[in-house]
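Reader: I have this model open and would like to go through it with you. Could we begin with the ligand and work outward from there?

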Amino acid sequence: MLVNHTVIPDVFCTSLSDQDKPEEACGVFGLYAPEEEVAKLTYFGLYALQHRGQESAGIAVFDDGKVHCHKDMGLVSQVFKESMLTELVGQIAVGHNRYSTTGSSHRVNAQPAVIATRLGSLALAHNGNLVNTVELKEELARRGCDDFLTTTDSEMIAVAIANEVDQGKDWIAAATSAFKLCSGAYSLVIGTPQGLMGARDPQGIRPLVIGELKGETAEIPDRYVLASETCALDIIGADYVRDVEPGELVWITETGLTSQLWAEAPAKKLCVFEMIYFARPDSIMHEETLYSYRKRIGQQLAKESYIEADLVMGVPDSGIPAAIGFSEASGIPYGEGLIKNRYVGRTFIQPTQHMRESGIRMKLNPLKDVLKGKRVIIVDDSIVRGTTSRKIVRALRDAGATEVHMRISSPPVTHPCFYGIDTDNQNQLIAATKSVAAIAEQIEVDSLVYLSQEGMLKTTLENTDHFCSACFNGHYPIAIPDPIKRSKLILETP
Ligand code: SF4
């Protein structure tokens, strides 16, 4: 049946700056597939990972030991043309989507970082953020490595590996020694003339998965893929094999895949925000899609915060799975009340506040006939600053909603992230300075309830110790040096 919704024209615009979400900080992809068009497959892998970084994109391809790299500012589809991909011929490819955290927004900081070594060049793609860059830079300078081309921590990791190689080590020994100099979050894909490497920090803060492209005949061996998320395997027809474990290094060559634990005491601490918001809902973590997890947190949220209402809706798109779960558990009908212009895309390419404020604007339009006279529960995945939430609430009321109750499928964000997610300074996080009641007043809702920390972790169905949830409680699993802490963590931790 066709429903003729009345859309209020031009009522509600939200700028990229007040998306009011923490922003992702990079997607990585790598492929060892001598018989395939590796650049084209990497392009599609990056295309699936576009949500993890929209500032710049790059692909490095190894062809019989020589590396060819193309990278630039912009979305994957803007940076690469088919003719370029056709020219990037080789056996091994490494790709990267970037949203800057450490380092400013310049073309020179685009990845992969390519560094020459005694064994040939390496091309490194990094997702995460180091917290000991000052110490690492000093150590590298002490070794005579002080000629950096970029302002990124990723280049420091690449330089550290190259330095170890140049001291006579092979790739695996060099990488292991270099990783021991690094503290923080790093999921890495590293191409070399001899093979493809994947590695995670000892806590495995950022995800990294292994996939397999099946050979069509016995002569063509299986080919391996590394990616930030499984959605990048699906798009190229690769099968998910397993995660790279925290503190693990995998090495892929013509003889297959070998693995070793390089860290002495790995302890799983996956970023729980990956599950709640960052990663795509069709990506698989812990043997289920994140859509299923997010629906379950919506069900948990309904148990914790039921209120009588006529309609449950989600903030498009990321609030929708939890809203569906809320509706299922509460028995309150689910419906769409806001329509997003899907063709604008996620365009927060620019990471500085000034650039964000002058960024392109994206529209959400309320459906007046759906909302008129209704008591509405609106579900969102997080509130960071609260600016967008208030605009949404006003738009719903203007469209005729009689009550607006907001439910958040994560706990209050009270602390900044130092592990590769671009959150604000602590004093800009609304929940760090205001009570839930005060936030409710500020965003003009009739009621506001956040998911409990226990509820968030319990619904993972995993060991609750296996997650970083520091932005909700300030318990950082990797120690943050005081100067870095002071740069963002302005308030005292209670
Ligand atoms: S601090 Fe928050 S965003 Fe950062 S890694 Fe931990 S859970 Fe994720």
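Reader: Which helices each supply at least two residues of the shell around the ligand?

Author: Those are α8 (272-278) and α17 (470-473). Please bear in mind that this is a predicted model.

Reader: Which residues surround the ligand?

Author: The ligand is surrounded by Ile205, Arg206, Cys271, Val272, Phe273, Cys417, Tyr419, Ile421, Cys468, Ser469, Ala470 and Cys471.

Reader: How many of the shell residues are nonpolar, polar and charged?

Author: The shell around the ligand has 10 nonpolar residues, 1 polar residue and 1 charged residue.

Reader: And what kind of space does the ligand take?

Author: The ligand takes the space of the largest cavity.

Reader: Let us turn to the packing. How many residues has the largest nonpolar core, and which have the most contacts inside it?

Author: The largest nonpolar core has 44 residues, and those with the most contacts inside it are Val272, Phe273, Ile276, Val379, Tyr419, Met456 and Phe472. Val272, Phe273 and Tyr419 also belong to the residues that surround the ligand.

Reader: Which elements each supply at least two residues of this core?

Author: On the helical side they are α8, α9 (290-305), α10 (320-330), α16 (453-458) and α17. The strands are β15 (270-271), β21 (375-380) and β24 (467-468).

Reader: Which of them gives the most?

Author: Helix α8 gives the most to this core, with 6 residues.

Reader: What is valine 379 in contact with, leaving aside its neighbours within four places in sequence?

Author: Valine 379 is in contact with Leu301, Val312, Met313, Gly314, Val315, Gly319, Ala322, Ala323, Phe326 and Arg407.

Reader: Now the whole protein. How many helices and strands are there, and what share of the residues is buried?

Author: The protein has 18 helices and 24 strands. Buried residues make up 58% of its 494 residues. Among contacts between residues at least 6 apart in sequence, 72% join residues at least 24 apart.

Reader: Is helix α1 mostly covered or mostly open?

Author: Helix α1 (residues 38-48) is mostly covered, with 8 of its 11 residues buried. The buried ones are Val38, Ala39, Leu41, Thr42, Tyr43, Gly45, Leu46 and Ala48.

Reader: I would also like to check the backbone. Where are there cis peptide bonds?

Author: Proline 112 lies in the loop between β5 (92-98) and β6 (113-115). Another cis bond runs from proline 316 to aspartate 317, with omega near -10 degrees. Aspartate 317 is in the loop between β18 (311-314) and α10.

Reader: Which residues have a positive phi although they are not glycine?

Author: Aspartate 64 has a positive phi of about 45 degrees, and glutamate 444 has one of about 65 degrees. Aspartate 64 sits in the loop between β3 (56-63) and β4 (66-73), while glutamate 444 lies in the loop between α15 (436-443) and β23 (447-450).

Reader: Why does aspartate 64 count as exposed?

Author: Aspartate 64 counts as exposed because its relative accessibility is 69%, and the cut-off for exposed is over 50%. Glutamate 444 is partly exposed, with a relative accessible area of 29%.

Reader: One more topic: isoleucine 252. Is isoleucine 252 buried or exposed, and what does it touch?

Author: Isoleucine 252 lies in strand β13 (residues 248-253) and is buried, with a relative accessible area of 0%. Not counting residues up to four places away in sequence, isoleucine 252 touches Tyr32, Gly195, Leu196, Tyr224, Leu226 and Leu257. Its C-alpha atom is separated by 8.5 Å from that of glycine 198, 54 residues apart along the chain.

Reader: And where is alanine 175 found?

Author: Alanine 175 is found in helix α6 (residues 171-179), and it counts as buried at 0% relative accessibility. Leaving aside neighbours within four places in sequence, alanine 175 is in contact with Ile161, Met197 and Leu249. The C-alpha atoms of alanine 175 and methionine 197 are separated by 9.2 Å, and the two residues are 22 residues apart along the chain.

How values were computed
Residues are numbered from 1 along each chain as its sequence is written. This is a predicted model: local features need pLDDT of at least 70, side-chain atom pairs count only at pLDDT 80 or more; totals for chains, interfaces and linings use all residues. Side-chain values use heavy atoms; hydrogens and water are left out. A residue is near a molecule or strand if one of its heavy atoms lies within 4 Å of it. On a 1 Å grid over the protein atoms alone, a cavity is a set of points where a 1.4 Å probe fits but cannot get out, and a pocket is an open set with protein on both sides within 12 Å along at least five of seven lines; lining residues have an atom within 4 Å of a point. A molecule sits in a cavity or pocket if more than half of its atoms lie within 2 Å of its grid points. Helices (H or I, at least four residues) and strands (E, at least two) are DSSP runs, numbered from the N terminus. Ala, Val, Leu, Ile, Met, Phe, Trp, Tyr, Cys and Pro count as nonpolar, Asp, Glu, Lys and Arg as charged, and the others, Gly among them, as polar. A nonpolar core is a set of buried Ala, Val, Leu, Ile, Met, Phe, Trp, Tyr and Cys residues joined through side-chain atoms within 4.5 Å. Buried means under 20% relative accessible area, exposed over 50%, partly exposed in between (1.4 Å probe, protein chains only). Contact means heavy atoms within 4.5 Å.
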